[in-house]
Amino acid sequence: MIDKKLVFSDNQQVLSTGPSTNIIDLGALTDDRGVALTKFGTEGGKIRLSVTIPVAYSGGTSVAFRLQDSADGNTFADTPISTPAIPVASLTAGAEVLNIPLLPTVRRYLRTCYTVSGSPTAGRI
């Protein structure tokens with residue numbers, strides 16, 4: 001089951017370098033009783049970042065994926081979670097190019113960012 005509010009890109013056409021259409025807000029840094037926490041938890045690796053290709057890429061050279069975070073939802077920086085450039089030949093429909101647990105050090109707001117090389121004519125994330 002996928003929560004639509006936790007989806008960065010929903011069949012987003014990505015033919016040039018840029019961010020995901022959605023930003024995920026992890027919420028206030030408190031527990032269910034309102035007690036302040038020091039960091040966002042990752043539920044022991046149960047919260048994962050998964051990137052899947054719904055529509056195959058054609059043309060272009062490669063796409064790299066990275067997770068960015070932000071304290072304010074406006075100024076984003078790269079996290080250590082990223083992929084190398086993945087050749088377009090590997091970006092086939094249904095391919096899962098990333099599946100990794102979120103780090104406990106991520107800040108409140110998250111988005112993915114895509115670095116596209118070449119000039120693809122089709123491809124969605």
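**Nonpolar core and salt bridges of the predicted model**

The largest nonpolar core comprises 23 residues, and those with the most contacts inside it are Leu-49, Ile-53, Tyr-57, Phe-65, Leu-67, Leu-91 and Ile-125. A nonpolar core is a set of buried Ala, Val, Leu, Ile, Met, Phe, Trp, Tyr and Cys residues joined through side-chain atoms within 4.5 Å. Two or more residues each are given to this core by strands S3 (48-52), S5 (62-70), S8 (96-101) and S9 (109-117); strands are DSSP runs (E, at least two residues) numbered from the N terminus. The structure is a predicted model, in which local features need pLDDT of at least 70 and side-chain atom pairs count only at pLDDT 80 or more, whereas totals for chains, interfaces and linings use all residues. Residues are numbered from 1 along each chain as its sequence is written, and side-chain values use heavy atoms, without hydrogens and water.

The structure holds three salt bridges, each defined as a side-chain nitrogen of Lys or Arg within 4 Å of a carboxyl oxygen of Asp or Glu. One of them joins Asp-25 to Arg-108 (2.6 Å, N to O); Asp-25 lies in strand S2 and Arg-108 in the loop between S8 and S9, 83 residues apart. In another, the closest N and O atoms of Asp-78 and Arg-66 are 2.9 Å apart.

Arg-107 forms a salt bridge with Asp-69, with the closest N and O atoms 3.0 Å apart. Asp-69 is buried, at 7% relative accessible area, while Arg-107 is partly exposed at 31%; buried means under 20%, exposed over 50%, and partly exposed in between (1.4 Å probe, protein chains only).

Conventions: Helix = DSSP H or I, 4+ residues; strand = E, 2+ residues; numbered from the N terminus.
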